[in-house]
Amino acid sequence: MVRAELLRDSGDPGHLTVRVFVPGTEDLAAWAAMHRERMEELRRELSLRLPSARLLEFTSDAPDAQVISMPDDGSLAAEQLPSRDIVAKALALLRENYVFPELAEQVAAAVETRLAAGEYDNLDEITLTELLTGHLQEASGDKHLRVRLGGGPGPGRRGPGRRAGSPDDGDRAEREGGEPADREARRLKMRQAGRLDNFGIHRVERLDGNIGYLDLRRVPLPETAGPAIAAAMELVSGTYALIIDLRQNGGGSPHGVAFWCSYLLPEEPTHLNDIFHADTGQTSQFWSLPYLPGSRYLDRPVYVLTSSRTFSGGEEFCYNLQALGRAELIGETTGGGAHPTRPFPISPAVHIAIPFARSINPITGTNWQGTGVIPDTPVPADEAYRVAYAKALRHVAERGDVPPPIADEARDVLPTLGG
């Protein structure tokens with residue numbers, strides 16, 4: 001297959017078409033005969049996970065290409081929930097599991113008013129999840145509270161696990177449960193998937209003036225990403241200052257946050273964060289690690305870049321270092337999502353992500369929920385890199401032990417940064 005397109009019928013908002021394109025060089029009839037079983041599997045999967053996709057089409061970009069249509073035969077209708085039932089079940093799960101029960105009741109009541117007015121009737125799953133998520137967040141102010149495509153665990157798969165989410169579903173990843181063999185298989189799968197984006201480590205660079213730069217897009221579990229994180233820190237270990245770019249970091253694992261922070265702190269364990277679980281009354285503590293693979297980054301400036309897109313675990317990374325006075329935050333106030341989140345299945349097509357716990361910083365006694373993490377040096381996000389780099393170069397210029405070639409680099413670059 002080359003690509004797939006999702007098409008909406010403007011005359012019937014609850015009717016979607018999925019169009020799959022195969023290579024134009026293929027004889028479509030012969031291709032279909034060879035892949036008939038897989039085509040039928042895809043048709044069934046759509047009927048379960050995107051019931052509004054009433055029509056599945058196969059074609060190509062070739063001129064006058066044939067189209068093979070596979071409509072939903074209705075055989076799985078009993079396993080599909082209408083939009084009103086999806087909303088009602090989402091609100092029931094919200095009332096049962098949200099970290100703040102009183103707020104959950106207020107939010108549910110506000111949405112029930114909309115439900116009674118018919119605002120969710122006859123919507124396809126994409127429109128429904130987007131609209132309902134907007135209403136839930138508007139009523140709660142909680143950006144972790146979301147209804148999304150993708151149902152609950154199927155036969156043989158475990159139920160909802162503890163997870164803290166983010167808008168990009170990177171979201172502060174769950175600890176693995178289940179049988180040992182299942183855990184190991186799951187971790188191997190996560191490790192293989194993580195390699196595709198280098199475990200969120202988008203860029204590692206030595207900038208002119210011997211400044212380290214890390215662009216981190218998510219925060220994965222150290223069990224899967226530990227070697228990559230250690231390698232990244234080793235590559236910047238000889239620099240005079242470090243810039244950590246979290247402007248596009250959507251979140252991840254609190255254990256991963258603790259692992260990254262540990263590289264910037266001494267060996268003696270430092271209390272970083274607590275997570276209070278409202279359902280059990282238990283508190284999980286997160287401390288920096290006394291042992292790490294590779295070199296720690298100590299006694300040198302660290303600048304962390306932020307934006308309004310920095311969220312969840314990315315925000316905890318910022319908040320921990322700011323509370324400890326270990327880094328200067330430069331950029332915009334972050335998104336404001338501090339609640340660990342767990343997915344709850346509603347139907348094979350839809351689930352709701354519900355915050356079930358809250359973060360408590362041991363220094364401030366609170367967190368960044370709703371307010372975001374406020375930078376030490378507020379500037380527009382697209383200016384944050386320039387400002388941080390200039391600060392780092394000035395630090396290099398003030399040192400008395402910088403070799404001439406590096407000092408020359410710093411002197412040459414600094415005027416180009418302006419300001």
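Thr133 sits in helix 4, where helices are DSSP runs of H or I with at least four residues and strands are runs of E with at least two, both numbered from the N terminus. The model is a predicted one, so local features need pLDDT of at least 70 and side-chain atom pairs count only at pLDDT 80 or more, while totals for chains, interfaces and linings use all residues. Residue numbers start from 1 along each chain as its sequence is written, and side-chain values use heavy atoms, with hydrogens and water left out.

Thr133 comes out as buried, at a relative accessible area of 12%; buried here means under 20%, exposed over 50% and partly exposed in between, with a 1.4 Å probe and protein chains only. Setting aside neighbours within four places in sequence, Thr133 touches Leu145, Arg146 and Val147, a contact being heavy atoms within 4.5 Å.

Helix 4 (residues 125–140) also packs against helix 2 (residues 83–97), at an angle of about 35° and with the axes 12 Å apart. Axes are lines fitted to C-alpha atoms, for helices over the stretch in contact, and angles run from 0 to 180 degrees between N-to-C directions. On the helix 2 side the contact is made by Ser83, Ile86, Val87, Ala90, Leu91 and Leu94, and on the helix 4 side by Leu128, Leu132 and Leu136. By class, that makes eight nonpolar residues, one polar and no charged ones; Ala, Val, Leu, Ile, Met, Phe, Trp, Tyr, Cys and Pro count as nonpolar, Asp, Glu, Lys and Arg as charged, and the others, Gly among them, as polar.

Another threonine, Thr17, belongs to strand 2 (residues 12–22). Thr17 is buried too, with a relative accessible area of 13%. Neighbours within four places aside, the contacts of Thr17 are Glu5, Leu6, Leu7, Leu55 and Glu57.

Strand 9 (residues 271–277) is joined to strand 10 by five bridges, and Asp274 stands opposite Gln285 in strand 10.

As for the whole protein, there are ten helices and 16 strands, and 49% of the 419 residues count as buried. The C-alpha atoms fill a box of roughly 75 × 60 × 45 Å along the principal axes.

Conventions: Two strands pair if DSSP finds at least two bridges between them.
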